[in-house]
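I am opening a notebook on a structure that is new to me, and I will write down what I looked up in the order in which I looked it up.

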Amino acid sequence: MGEKIVFPLNYEGYLKKGLLAFEEGNLQLAEEWIGKAIAIKKADDILPLYLMLLQETDQAEKSLAMITEMRPDIAASISVDDIDFLYLKGLMQSGAFDSAREQIEARKNTFGLSMEHQFALEQLEAEVEKVELKNLEKKLKKSSEILKAEKSIDTQPFHKQQAYAQQLKDLEDDQFSKIAQRLLMNNSLHRMLKTEIIHQFLARGLHPSLTVRLDGAEEKVDLAGVVPLIESKTYREGMAYIREEIANKNPTLADAMENAFFMQLSLLYPFEDRTIPSVSEWLDVLYRIYNGAEWTGEASEQSIRDKIGQLENKLADFFGFFE
């Protein structure tokens, strides 16, 4: 019963509870109660404490949002009051180290800065450098682990190859490019993973001209002319055809065909148009196969059936890769 506050908008009651929790060292509870008080009245003498509590309870982004709402021009400011220091700490905690360093440097050059403020800013600057060094050490260790794992990645099952490909996202662009290009030439790396690696190039905004080995043979790929699979002409035409034509005949089969078509394209990307020059013809044959219809006798249909069969075999190998 002693924890209840009778009136829902009792500013003094919330504040009292929050300050008591703060004195007892319960920062989480202090932040909750003082947050309720601040929601009623943003008192200037309490705001710095609340912003500090947000930062101490891993809510740096919320703290920064409140500070920039209170002081929209703070990023262009060279003042050094309590809110400024909380702003600088918030930038650091949120990982914006470049901005934090820039803001600290601007304030260090302020004319007439007191020795106390100068020392405090230098302490913050040292803290930024310490965190950046620690992050750099983590990156170097991660890079070393990725390089070491590359030597045996082509002997690993698909799920481990997939996890490895995701780790490449942690690398800097230059390191990623070197490793990725070697992987794209590795005959034993699964075809699906090569599609993923090409997408990672695009996601980074990198568009080099690459030599890749996708299905045994070497190919030249200029990523300047490549778009993500789901933005490709073949994919968009195929999805539209399935939803507009196939779904009218058999909605359940249309859903299965969407998944199958995407998987087939994933094995053909980024040269899917070579195997599927006519999307509608390809999907009509796929529909007949899924519907159990016999071959019509047309040579073109048999050719598509053969290609689909080859892809289905590769997909069967793909699922076997998990074992």
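Which residues touch the most other members of the largest nonpolar core? I kept in mind that this is a predicted model, and I found that, of the 52 residues in this core, Leu168, Phe201, Phe261 and Leu283 touch the most other members. I then looked up the elements that give two or more residues to this core, and they are α8 (158–167), α9 (173–184), α10 (191–203), β1 (209–213), α11 (233–249), α12 (251–268), α14 (279–290) and α15 (299–320). The largest share, 7 residues, comes from α12.

Next I took Phe201 and left aside its neighbours within four places in sequence; its contacts include Phe176, Ala180 and Leu184, and also Leu206, Pro208, Leu210 and Leu223. I also noted a second, separate core of 35 residues, with Leu15, Ala30, Ala37 and Val128 among them.

I turned to the strands, where β1 runs antiparallel to β2 (residues 218–222) and 5 bridges join the two. Ser209 stands opposite Asp222 in β2. The two strands, β1 and β2, form a hairpin with 4 residues between them, and in the turn Gly216 has a positive phi of about 100°.

Note on methods: Residues numbered from 1 in each chain as written. Predicted model: local features only at pLDDT ≥ 70, side-chain atom pairs only at ≥ 80, totals over all residues. Heavy atoms only, no water. Core = buried A, V, L, I, M, F, W, Y, C linked by side-chain atoms within 4.5 Å. Buried < 20%, exposed > 50% of the residue type's maximum accessible area, 1.4 Å probe, protein only. Contact = heavy atoms within 4.5 Å. Pairing = 2+ DSSP bridges.
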